Amino acid sequence: MVVAMETQPRLTKTYRLLVRGTNINETSLLATDYLNHFNEVVMLLELVPDMPEMLEDVDEWKPATYIEHFAASGFSDKELAIWAYENAPHEYIQAFEDLVGSANDQIFATRDLLKKLNGTVPEDEFRNQTMAKVREVRLTLEQISGVINGAVPRYDQAEIDDIMDQGAIDSLFD
């Protein structure tokens, strides 16, 4: 999708005018409503330690692209959200898509880990592992929110690896 968008002319300035007064950010031309797609599965993951059967619902969760999410949503400006996305500045789209890919990967890795650990480790360890993984996903969602709200993170791969390092996250809470 991004490659095709690069070959088409952008109407970024026009869409920045069109999104004024909506829930679509004028800088990034993205809407935070997209995060609802992830918030649903994060809430399910948070319930897993107390209700492991929720893993079945987590298993049913499927990623949705920005366009898929808005096409199926009841968002009042959904067509505008899609058109604005298609005309958003490349630096926002690239950062956004990279982070969305990371969030999807984290969710699937968390689901797979929890399915493996469920019933095989003590309850406290299961809860701690679950919540540590949920914190990782939430950190990525915060970064996505930042991009949507007009901030493009500038990280090199080593910094990204550090951010995703569970030991580093855990040390913040010690």
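A residue is called buried when its relative accessible area is under 20%, exposed when it is over 50%, and partly exposed in between, using a 1.4 Å probe and protein chains only. At 39% relative accessibility, Asp 112 therefore counts as partly exposed. The structure is a predicted model, in which local features need pLDDT of at least 70 and side-chain atom pairs count only at pLDDT 80 or more, while totals for chains, interfaces and linings use all residues. Residues are numbered from 1 along each chain as its sequence is written, and side-chain values use heavy atoms, with hydrogens and water left out.

**Salt bridges around Arg 111**

- A salt bridge is a side-chain nitrogen of Lys or Arg within 4 Å of a carboxyl oxygen of Asp or Glu, and by this rule the count comes to six.
- Arg 111 counts as buried, at 14% relative accessibility, whereas Asp 59 is partly exposed, with a relative accessible area of 30%.
- Asp 59, Arg 111, Asp 112 and Lys 115 are linked in a network of salt bridges.

**The pair Arg 138 and Glu 46**

- Side chains of opposite charge can pair when their charged atoms come close.
- Arg 138 forms a salt bridge with Glu 46, with the closest N and O atoms 2.7 Å apart.
- Because Arg 138 lies in helix α8 and Glu 46 in helix α3, the pair ties together parts that are 92 residues apart in sequence.
- Arg 138 is partly exposed, with a relative accessible area of 34%, and Glu 46 is partly exposed too, with a value of 28%.
- Leaving aside neighbours within four places in sequence, Arg 138 is in contact (heavy atoms within 4.5 Å) with Val 42 and Glu 46.
- Arg 138 and Val 42 are 96 residues apart in sequence, and their C-alpha atoms are 7.9 Å apart in space.

**The largest nonpolar core**

- A nonpolar core is a set of buried Ala, Val, Leu, Ile, Met, Phe, Trp, Tyr and Cys residues joined through side-chain atoms within 4.5 Å.
- The largest one has 43 residues, and Phe 38 and Leu 141 are among those that touch the most other members.
- Helices α3, α4, α5, α6, α7 and α8 each supply at least two residues of this core, and α7 gives the most, with 10 residues.
- Not counting residues up to four places away in sequence, Phe 38 touches Trp 61, Val 100, Ala 103, Asn 104, Ile 107 and Leu 141.

**Helix α7 and what follows**

- The expected span of a helix is 1.5 Å times one less than its number of residues, so the 28 residues of α7 should span 40 Å, which agrees with its end C-alpha atoms being 40 Å apart.
- Just after α7, Gly 119 takes a positive phi of about 80°.

Notes
Helices (H or I, at least four residues) and strands (E, at least two) are DSSP runs, numbered from the N terminus.
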